[in-house]
Each structure stands twice: as structure tokens, then as C-alpha cells.
Amino acid sequence: MGRNGSGKSNFFAAIRFVLSDAYTNMSREERQSLIHEGSGTVMSAFVEIIFDNTDRRFPIDTDEVIIRRTIGMKKDDYSLDQKSATKSDIMNLLESAGFSRSNPYYIVPQG
């Protein structure tokens, strides 16, 4: 909960960007609008989510799991704990932790 204009929608969109297929098939123009907001030349942008894994919900023997998605003008890159990973690797890991692609109600939009 927060006031209008406080960034709730941006926070929600960032989580969806990493955890869902919502931004999978983007045109060059859509990619550019996500990457470039302002002046200067920016070639990529990323969102990184750090999960508390002390309960070992993710089948990885670390207390934190770091998932990053980087968007470029032509393709996306994913990383897991600062190591390169495929989108499939990330989606399988999320599935194993209970984030279901077939029932994605772990992300509930406002309204």
C-alpha cells in the first residue's frame, strides 16, 4: 500500500519482468522503451531479485538466491548467483521452489 505515484507499479513490473513470461516477445521498440528512459545512450538494463533461502525452498545450499534478468536491444540474459544461466534453468528453479508457470498467482496485480 502506498500513495499514488510512489512506485508500486514499477516495483510490480520489475518482479514480473524477472519471474514471468510477461516480457518474452518484445519488439525492438518495446525493448528500447524499457531500456531508455531519459538522456544518454543505454544499451541494457537489469532487474535482480534476491530471495531469502534460509528455509531451503530453493534446492540450492545457500542462504540467498540471486536471480537477474538483463535486457538488451536484441536479447535477454539471465544469471543465477552471478553465474550465467538459461531462461529454462531459471524457470525450472522457480518451479522447484513453488512458483508455478501454469498457475502464476504468486504475482497478483492491483485492481
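## Burial and the aromatic pairs

A residue counts as buried when its relative accessible area is under 20%. The model is predicted. By that cut-off Phe51 is buried, and Phe58 is buried as well.

The structure has three aromatic pairs. In the pair formed by Phe51 and Phe58, the ring centres are 5.0 Å apart and the planes stand at 55°, so this pair is tilted. Ring pairs also bring in Phe99, giving a cluster of Phe51, Phe58 and Phe99.

## Charges over rings

Phe99 takes part in a further arrangement: Arg57 lies over the face of its ring, 5.2 Å from the ring centre. Another arginine, Arg68, lies over the face of Phe46, at 3.6 Å from the centre of that ring.

## Val65 in strand β2

Strand β2 covers residues 64-72 and includes Val65. The relative accessible area of Val65 is 0%, so the residue falls under the 20% cut-off and is buried.

Which residues are in contact with Val65, leaving aside its neighbours within four places in sequence? They are Ile49, Ile50, Phe51, Asn53, Phe58, Ile60, Leu80, Asp81 and Leu93. Among these contacts are Phe51 and Phe58, the two residues of the tilted pair. Asp52 lies 13 residues from Val65 along the chain, and the C-alpha atoms of the two are separated by 6.7 Å.

## Helix α3 and the residue after it

Helix α3 runs over residues 87-96, and its buried residues are Ile90, Met91, Leu93 and Leu94. These four cover an arc of only 160° around the axis, and therefore lie on the same side of α3. An α-helix has 3.6 residues a turn, so residues three or four places apart point the same way. One of the buried residues of α3, Leu93, is also in contact with Val65.

Gly98 follows α3 and has a positive phi, near 100°.

## Met26 between α1 and α2

Where does Met26 lie? Met26 is in the loop between α1 (8-19) and α2 (28-35).

Met73 is 47 residues away from Met26 along the chain. The C-alpha atoms of Met26 and Met73 are separated by 9.9 Å.

Methods:
Residues are numbered from 1 along each chain as its sequence is written. This is a predicted model: local features need pLDDT of at least 70, side-chain atom pairs count only at pLDDT 80 or more; totals for chains, interfaces and linings use all residues. Side-chain values use heavy atoms; hydrogens and water are left out. Helices (H or I, at least four residues) and strands (E, at least two) are DSSP runs, numbered from the N terminus. Buried means under 20% relative accessible area, exposed over 50%, partly exposed in between (1.4 Å probe, protein chains only). Contact means heavy atoms within 4.5 Å. Rings of Phe, Tyr and Trp (its six-membered ring) pair if their centres lie within 6.5 Å; planes under 30 degrees apart count as stacked, over 60 as edge-to-face and the rest as tilted. A charge sits over a ring if NZ of Lys or CZ of Arg is within 6 Å of the ring centre and within 35 degrees of the ring normal. The arc is that of the directions from the helix axis to the C-beta atoms.
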